[in-house]
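Subject: Structure handover

Hi,

Here is the structure you will be working with. My notes follow below it.

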Amino acid sequence: MNWIEILGYAASVLVAVSLTMSSLARLRALNLLGSSAFAVYGFLVGAYPVMAVNGFIAVVNVVYLLRMQPGRSEAFELLALQRPENSYLRRFLDFHLDDIRRFFPDFDPVLPEDAQPVFILRDMMPVGLVVCRRDDDSTLDVLLDYVIPSDRDFQCARYFYRSWSEVLDCAGVCRFKARGETEQHRGYLQKMGFAAVAGGQGTEFERTA
């Protein structure tokens with residue numbers, strides 16, 4: 001087996017693996033690598049239709065990945081709900097509950113009466129849900145910060161933490177509090193600017209609002 005054949009097999013693996021990604025950003029990135037490798041392979045073996053098609057796919061992936069960069073993404077909006085017992089909210093939580101509990105093992109889908117649920121809309125599609133409640137006069141406790149698998153490129157979270165004060169009861173709030181119940185969620189909180197609270201047994205995090 002020569003290196004050109006190895007390149008073709010590697011391109012096939014990259015394209016196949018990309019289709020297993022739940023994150024749209026990762027799917028695009030891996031597919032870009034695979035289609036680019038296939039385009040080079042097609043050129044080297046003289047299969048110019050293969051080169052042309054995969055070159056086009058690579059360009060499409062680049063365009064969409066650029067759109068996913070901060071400040072160049074789709075239209076975002078926050079939609080605050082007035083009642084935690086909202087029927088669509090209940091359906092959303094029930095549908096995604098198994099995935100939610102991967103990151104929030106102790107999450108109770110029956111929200112407290114003083115909960116403030118906010119949907120994150122991306123191109124008018126509900127792709128994320130943040131549930132907060134007042135902990136004290138200056139703190140919002142984040143009970144849930146969930147985004148569906150296809151949109152986990154951090155843009156939803158960045159948008160929420162930039163714009164939350166437009167839709168939530170925020171008078172006097174100067175910080176957020178959250179619990180990192182899993183290692184993956186703790187890593188996410190740190191990327192979002194949260195810091196572990198001293199004496200919090202490694203699960204309690206805060207960030208400036």
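**Ala-195 and the strand around it**

Ala-195 has a relative accessible area of 44%, so Ala-195 is partly exposed. Keep in mind that this is a predicted model. Ala-195 sits in strand S6. Leaving out residues up to four places away in sequence, Ala-195 touches Glu-204, Phe-205 and Glu-206. Thr-208 is 13 residues from Ala-195 in sequence, and the two are 9.5 Å apart in space, C-alpha to C-alpha.

Strand S6 (residues 195-196) pairs with S7 in the antiparallel sense, over 2 bridges. Within that pairing, Ala-196 stands opposite Phe-205.

**Strand S7 and the sheet**

S7 covers residues 204-208. One face of S7 is covered and holds Phe-205 and Arg-207.

Arg-179 has Glu-204 in S7 as its bridge partner.

What is the order of the whole sheet? It reads S1-S2-S3-S4-S5-S7-S6. The sheet is open, has 7 strands and shows mixed pairing. S1 and S6 are the edge strands, each pairing on one side only.

**The core**

The largest nonpolar core has 43 residues. Leu-144, Phe-160 and Phe-176 have the most contacts inside this core. Several elements each supply at least two residues of the core. The strands are S1 (76-80), S2 (116-122), S3 (125-136), S4 (139-147) and S5. The helices are H4 (87-103), H5 (155-163) and H6 (183-191). H4 gives the largest share of this core, 6 residues. As background, nonpolar side chains in soluble globular proteins tend to be buried together.

H5 is mostly covered, with 7 of its 9 residues buried. Among the buried residues of H5 are Phe-160, Tyr-159 and Tyr-161. Gln-155, Cys-156, Ala-157 and Ser-163 in H5 are buried as well.

The largest pocket has a volume of about 590 Å³. It is lined by 23 residues. Those closest to its centre are Phe-103, Arg-152, Phe-154, Gln-184 and Tyr-188. Helix H2 (24-45), H4, S4, H5 and H6 each supply at least two residues of the lining. H6 gives the most to this lining, with 5 residues. By class, the lining of the largest pocket divides into 11 nonpolar, 5 polar and 7 charged residues.

The second largest pocket has a volume of about 290 Å³. Of its 14 lining residues, Asp-141, Val-142, Leu-143, Arg-179 and Glu-181 are the closest to its centre. S4 and S5 are the elements that give two or more residues to this lining. S4 gives the most, with 3 residues. The lining of the second largest pocket has 7 nonpolar and 7 charged residues, and no polar ones.

Arg-179 is the bridge partner of Glu-204 in S7.

Is Ser-35 buried or exposed? Buried means under 20% relative accessible area. Ser-35 has 1% relative accessibility, so Ser-35 counts as buried. Ser-35 is placed in helix H2. Apart from its neighbours within four places in sequence, Ser-35 contacts Val-15, Asn-54, Ile-57, Ala-58 and Asn-61.

Best wishes

Key
Residues numbered from 1 in each chain as written. Predicted model: local features only at pLDDT ≥ 70, side-chain atom pairs only at ≥ 80, totals over all residues. Heavy atoms only, no water. Buried < 20%, exposed > 50% of the residue type's maximum accessible area, 1.4 Å probe, protein only. Helix = DSSP H or I, 4+ residues; strand = E, 2+ residues; numbered from the N terminus. Pairing = 2+ DSSP bridges. Core = buried A, V, L, I, M, F, W, Y, C linked by side-chain atoms within 4.5 Å. 1 Å grid on protein atoms, 1.4 Å probe; cavity = no way out; pocket = protein on both sides within 12 Å on 5 of 7 lines; lining within 4 Å. Points joined across faces, edges and corners; volume = space filled by probe spheres on them. Nonpolar A, V, L, I, M, F, W, Y, C, P; charged D, E, K, R; others polar. Contact = heavy atoms within 4.5 Å.
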